[in-house]
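These are my notebook entries on a structure that I had not examined before. I set down what I looked up, in the order in which I looked.

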Amino acid sequence: DLQHYFTVLFGHEGQKPLELRCEDEVDGDEWVEAIHQASYSDILIEREVLMQKYIHLVQIVETEKVAANQLRHQLEDQDTEIERLKSEIVALNKTKEKMRPYQGNQEDEDPDIKKIKKVQSFMRGWLCRRKWKTIVQDYICSPHAESMRKRNQIVFNMVEAESEYVHQLYVLVNCFLRPLRMAASSKKPPISHDDVSSIFLNSETIMFLHEIFHQGLKARIANWPTLILADLFDILLPMLNIYQEFVRNHQYSLQVLANCKQNRDFDKLLKQYEANPACEGRMLETFLTYPMFQIPRYIITLHELLAHTPHEHVERKSLEFAKSKLEELSRVMHDEVSDTENIRKNLAIERTIVEGCDILLDTSQTFIRQGSLIQVPSVERGKLSKVRLGSLSLKKEGERQCFLFTKHFLICTRSSGGKLHLLKTGGVLSLIECTLVEETEAS
């Protein structure tokens, strides 16, 4: 009875071992090998690697803090030494004044000489101020100063955009991912843990990564006008494989989300999450799309930075290297982004139709165009009267909102409240079953 069997042991308490048996030895070996190659252990290893990198970054930050404190103490010691030297100089000057021979009372000096010296003093001060004002004005109007102003503005805009992006990731994780994890652990879960992992793959890791990157940007801004950014991108570049996995999974995550929406309990719960004021009326699909456009945004920012960075600048080579790596990743991601854009468009149209439309959940269905068309009364001419769309009266025209896809043609009516409803008869036309007839008669 115990031939060709194997036992599955679980790492957490409360779960009994699972004993399974196969019909033959070959089938059992294949099952065991497949379990060994399951991706969960790889994910644990990757998580451990990321945690080690995070601990390493924390250690670097702590080391920099210690070095900064040491430099601060050295500066304080130097300030004390400077004050001591100043006091010694004052004492020496006083001693020299006492040792000088008596030069007569200055009050006996000619009043005209005093006036001349005073005018000369004013003239020297005015000439000095005029010279420095000319130097400063020349630099302010120089191309280098204009380029530096634009470069600083690009960096400030980058910090603001990064802050907004971190907030978007925070909403995605705290308003959708973590609540859905809790819902998946409930007594009657509207969604499984596997589906949650498929929809939000790497989202939490991406949020942690950009929180560290954002903190580094703010620390650089605190040291303005000295702005060194290349080392921050050096930290970011090794983590870009996380984005690549997110992009590869994005199309599948939208498919899983579309399948989960067919469950009424899940759809109702998701609408409650989307009604959160923090979401600002945006749907879950919108938040899942934000990471898709972050890498192109970095490329544009680096391109603008390099345009205003001198060739002899200390971090120009590092910025060029970061830009080349991001462009290489962006080329890999381009095809997957176009596919996910089409799925997001289809889901957005499906959400606008009150009754919903199952054919839009087909990932091979590509959107072509949409618009308003006037449905004219059918004309009694042979068999043409049989192709009337819906239950439209033969005596008046009607406006229809139409959506054209590669496989289907949707015809909707718009109610007084602005909502779209599919025609009860003929609302979804399969283009495979249709024939386009062009009438060449003048009438």
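**Entry 1: Glu280**

I began with Glu280, which is exposed because its relative accessible area is 59%; exposed means over 50%, buried under 20% and partly exposed in between, with a 1.4 Å probe and protein chains only. I located Glu280 in the loop between helix 9 and helix 10 (284-289). Helices (H or I, at least four residues) and strands (E, at least two) are DSSP runs numbered from the N terminus. For Glu280 I noted a phi near 55°, a positive value in a residue other than glycine. Most residues other than glycine have a negative phi.

**Entry 2: basis of the model**

I recorded that this is a predicted model, in which local features need pLDDT of at least 70 and side-chain atom pairs count only at pLDDT 80 or more, while totals for chains, interfaces and linings use all residues. Residues are numbered from 1 along each chain as its sequence is written, and side-chain values use heavy atoms, with hydrogens and water left out.

**Entry 3: the chain as a whole**

I found 12 helices and 7 strands in the chain. Of its 443 residues, 31% count as buried. The chain exposes about 30500 Å², of which carbon and sulfur atoms supply 55%; this area comes from the Shrake-Rupley method with a 1.4 Å probe. I also looked up the contacts (heavy atoms within 4.5 Å). Among those between residues at least 6 apart in sequence, 63% join residues at least 24 apart.

**Entry 4: Asn202**

Asn202 sits in the loop between helix 5 (193-199) and helix 6 (203-222). I noted Asn202 as buried, because its relative accessibility is 16%.

I placed Tyr273 in helix 9 (residues 264-274), where it is buried with a relative accessible area of 16%. Not counting residues up to four places away in sequence, Tyr273 touches Cys175, Phe176, Pro179, Leu180, Ala183 and Cys279. The C-alpha atoms of Tyr273 and Leu180 are 9.4 Å apart, although 93 residues separate them along the chain.

I placed Thr301 in helix 11 (residues 294-307). At 13% relative accessibility, Thr301 is buried too. Leaving aside neighbours within four places in sequence, I found Thr301 in contact with Ile154 and Met158.

**Entry 5: Pro377**

I found Pro377 in the loop between strand 3 (367-375) and strand 4 (398-405). Pro377 counts as partly exposed, at 24% relative accessibility. Its C-alpha lies 6.0 Å from that of Glu397, 20 residues apart in sequence.

**Entry 6: the cavity**

I searched for cavities, a cavity being a set of points on a 1 Å grid over the protein atoms alone where a 1.4 Å probe fits but cannot get out. The structure holds 1 cavity of 30 Å³ or more. About 60 Å³ of space lies in the largest cavity, a volume being the space filled by probe spheres set on the points, which are joined across faces, edges and corners.

Which residues line the largest cavity? I listed Leu254, Gln255, Ala258, Ile343, Asn346, Leu347, Leu360, Leu361, Asp362 and Thr363, lining residues having an atom within 4 Å of a point. Helix 8 (240-260) and helix 12 (316-352) are the elements that give two or more residues to this lining.

Where does the largest cavity lie? It lies between domain 1 (2-37 + 352-376 + 394-437) and domain 2 (149-346), because both give residues to its lining. The domain bounds come from an automatic or database domain assignment.

Technical notes
1 Å grid on protein atoms, 1.4 Å probe; cavity = no way out; pocket = protein on both sides within 12 Å on 5 of 7 lines; lining within 4 Å.
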